[in-house]
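Notebook open, viewer running. I want to go through this one element at a time and jot down what I look up.

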Protein chains: 2
Amino acid sequence: MVYNFNAGPSILPKEVFEEAAAAVLNYNDSGLSILEYGHRTPAFEGIMQEARDLMKELMGLDDNHQVLFLHGGASTQFMQVPMNLLDLKESAAYTDTGLWAAKAIKEAKLFGKPEIVCSSKDKNYSFLPKDFAVPNDSKYLHITTNNTIYGTQWQKIPVTSNSMVADMSSDILSRDLNFNAFDLIYAGAQKNIGAAGVTVVVVNKNILGKVKRNIPTMMDYRNHIAEGSMLNTPPVFAVYTCMLTLRWLKKQGGVKAIEKINNEKAALLYAEVDRNSLFKGTVAAEDRSKMNVCFVMEDGQKEAGFLQYATDNKIIGIKGHRSVGGFRASLYNAMPLSSVAYLVELMKAFENN
Amino acid sequence: MVYNFNAGPSILPKEVFEEAAAAVLNYNDSGLSILEYGHRTPAFEGIMQEARDLMKELMGLDDNHQVLFLHGGASTQFMQVPMNLLDLKESAAYTDTGLWAAKAIKEAKLFGKPEIVCSSKDKNYSFLPKDFAVPNDSKYLHITTNNTIYGTQWQKIPVTSNSMVADMSSDILSRDLNFNAFDLIYAGAQKNIGAAGVTVVVVNKNILGKVKRNIPTMMDYRNHIAEGSMLNTPPVFAVYTCMLTLRWLKKQGGVKAIEKINNEKAALLYAEVDRNSLFKGTVAAEDRSKMNVCFVMEDGQKEAGFLQYATDNKIIGIKGHRSVGGFRASLYNAMPLSSVAYLVELMKAFENN
């Protein structure tokens, strides 16, 4: 057994791997691989419908909120969001809380006037600034709910009367939120939704169609809504993997049930980071992410040794991002509590040796 | 056994399904699924490199031509090509030879002045117009090398002194062409390259960086070249499936060898369409596609009967596109000659009954 703490693409449930592998050989006893299924077949239309329905159900979405499965990754959403929501002279409020947030701001400049309402950049994004105001004329407030690289997460979503837009790539479906309070949510699938190669967008249809520019066909959310995410050939297998993962999540009891386990996992690991004399956390305690636990060693010289020790014990993917250093253990939905306990035992053993 | 004549996503080699399924369970004896591999791991970097190298080798590309594996499908290329190559006041020549060509023209209007230099629209795209001139000031000539819906294919690529851009989604790697004569080639993977969810772009790097507009980060080919198609998380599994399919093609002897078989397959089926008293082809003989063979019945009333007969005999995916009607048999690289012979036998048997 290998313990995969990768930040993404990352661990998925074992039964998803098993069902996906079986479908690549012979989908549903059809004699065909899922990879050779035309996207206009009833079988795939059913998969797309089920994936969409499960997202709606798991997130408790109302009928204004449409679920889309798109190409392009969250990085494409950095441009697609302002292209659809912001006119050139309009402003939108952005929170500068990490590398990905900064990339979103960069793209928004091509389509409107993003205004940075808060930033923790000068502290290497080690906390989330909470004392900020959003101008009334901001078309929307953009937040990154969880910052994968730095290990921070909004434990309370900022309250504003503006429209809310969120990049939830690394914590969607991991905790119960009022998802209907957001007008647009986007997330690369490759952490909690499924495999890499598809991006989920949840959008309140009432906010669309208000900008003056001509939006290219593939960039206009309205076209994807009208065509049920089949405006062009969708990433068939990636959507199928999402559907399997969402089925699994529903079987676990849904978002509230998984949140409870996610809280236990994070509490267990942070407790050890705080207790163990060799390690320390890197971010403000109140902003600690339950998805990506970042920590370093009191003595940086020992980090190579612990990394080797973890590797020797079948742990992979815990090297921290180069902008933080040290370690990052990603605890997405599919990561079992027992694997986190295993990592904690290794940290204890390393301290004792 | 099921005989899959789908137009795409479509049949892939059996060994690709087997290797891909094994990798979803346990990639290369790592204890990990290919779906949980981080894209920055040496393993995946090796996969991406091999896929790129195989494309270069199979297409015989020179060092100016860069191979990219992108998100978004060919439909995204309809906008991305003019966004990168055309200034707002510049014109480009477009050949209107089918639904997809028309969609490319529509998107180009947002970024420059596409000029339709020829069209077969008034004949339901049943032939390829060859008597046309390309204005000298056209930034490029855009062609669709194979028109999947109508079953036409340029048997001789138009000769022009202008830069050449081609949508090769449905015939790339199926025949030997001087690929270096094109400055830009794009193709959705889901016919001859691999599974749905990734798009291959081959671009001459020397044509980039000449337009005045600010190109969004994800739309600028130069960024994808600089980052080796890993500007953001790539569609890991789709790229892996491409790599496996390209390995298979190399093992078959490459493009020239598969072209020989593709010619045999198409010749066999067209001969029967012409011979059989019940059937007739729908396009000009000289423009017949070797990838998508479109045909109807002399007596349209009999079409439902033949479709049922084919279905009863384990043939799927031969219903023609609604804009042509009748039948379409897609004979991509992975389709064995024996399956085409099987279809021909059914056509004979249906005639005899």
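My entries follow, starting with the ground rules.

**Ground rules.** I am working on a predicted model, where local features need pLDDT of at least 70, side-chain atom pairs count only at pLDDT 80 or more, and totals for chains, interfaces and linings use all residues. Residues are numbered from 1 along each chain as its sequence is written, while chains are lettered from A and ligands numbered from 1 in the order in which they are written.

**Entry 1: helix α6 of chain A.**

Next I looked at burial, calling a residue buried if 20 or more other C-beta atoms lie within 10 Å of its own, exposed if 12 or fewer, and partly exposed in between, with C-beta atoms placed from the backbone. In α6(A), 12 of the 16 residues are buried, so the helix is largely enclosed by the rest of the structure. Among them are F237(A), Y240(A), M243(A) and L249(A).

What covers them? I count two residues as in contact if their C-beta atoms, placed from the backbone, lie within 7 Å. The cover includes α1 (14–25), α2 (42–59), β2 (65–70) and α7 (254–275) of chain A, along with α6 (236–251) of chain B. After the helix I noted G253(A), which has a positive phi near 110 degrees.

**Entry 2: V239(A) and the core.** For a nonpolar core I used a set of buried Ala, Val, Leu, Ile, Met, Phe, Trp, Tyr and Cys residues joined through C-beta atoms within 7 Å. The largest core has 222 residues, and V239(A), V200(B) and V239(B) touch the most other members. Setting aside neighbours within four places in sequence, I find V239(A) in contact with I47(A), M48(A), A51(A), F69(A), V198(A) and P234(A).

**Entry 3: the two chains.** I used a superposition by least squares on the C-alpha atoms of residues with pLDDT of at least 70 in both copies. Chain A can be laid on chain B with an RMSD of 0.0 Å by a turn of 180 degrees and a shift of 0.0 Å along the axis. That is the relation of a two-fold axis. The same surface serves both copies, since 98% of the contact residues of chain A recur in chain B.

Which residue of chain A comes closest to the rotation axis? I get A21(A), with its C-alpha at 2.2 Å.

The contact takes 51 residues from chain A and 50 residues from chain B. On the chain A side, α1, α3 (73–85), α4 (99–108) and α6 give two or more residues. I see α1(A) giving the most, with six residues. I sorted Ala, Val, Leu, Ile, Met, Phe, Trp, Tyr, Cys and Pro as nonpolar, Asp, Glu, Lys and Arg as charged, and the others, Gly among them, as polar. That side divides into 25 nonpolar, 22 polar and four charged residues.

Entry 4: Most residues other than glycine have a negative phi, and most peptide bonds are trans. I looked up the exceptions. A cis peptide bond joins G8(A) and P9(A), with omega about -5 degrees, and P9(A) sits in the loop between β1 (3–4) and α1 of chain A. In chain B, a cis peptide bond joins G8(B) and P9(B), with omega about -10 degrees.

N28(A), not a glycine, has a positive phi of about 50 degrees. I place N28(A) in the loop between α1 and α2 of chain A, partly exposed, with 13 other C-beta atoms within 10 Å. S229(B), also not a glycine, has a positive phi of about 65 degrees. S229(B) is buried, with 23 other C-beta atoms within 10 Å.

**Entry 5: domains of chain A.** I took bounds from an automatic or database domain assignment, which gives domain 1 (14–251) and domain 2 (254–352). Their C-alpha centres lie 27 Å apart. The contact takes 23 residues from domain 1 and 24 residues from domain 2.

Key: Helices (H or I, at least four residues) and strands (E, at least two) are DSSP runs, numbered from the N terminus.
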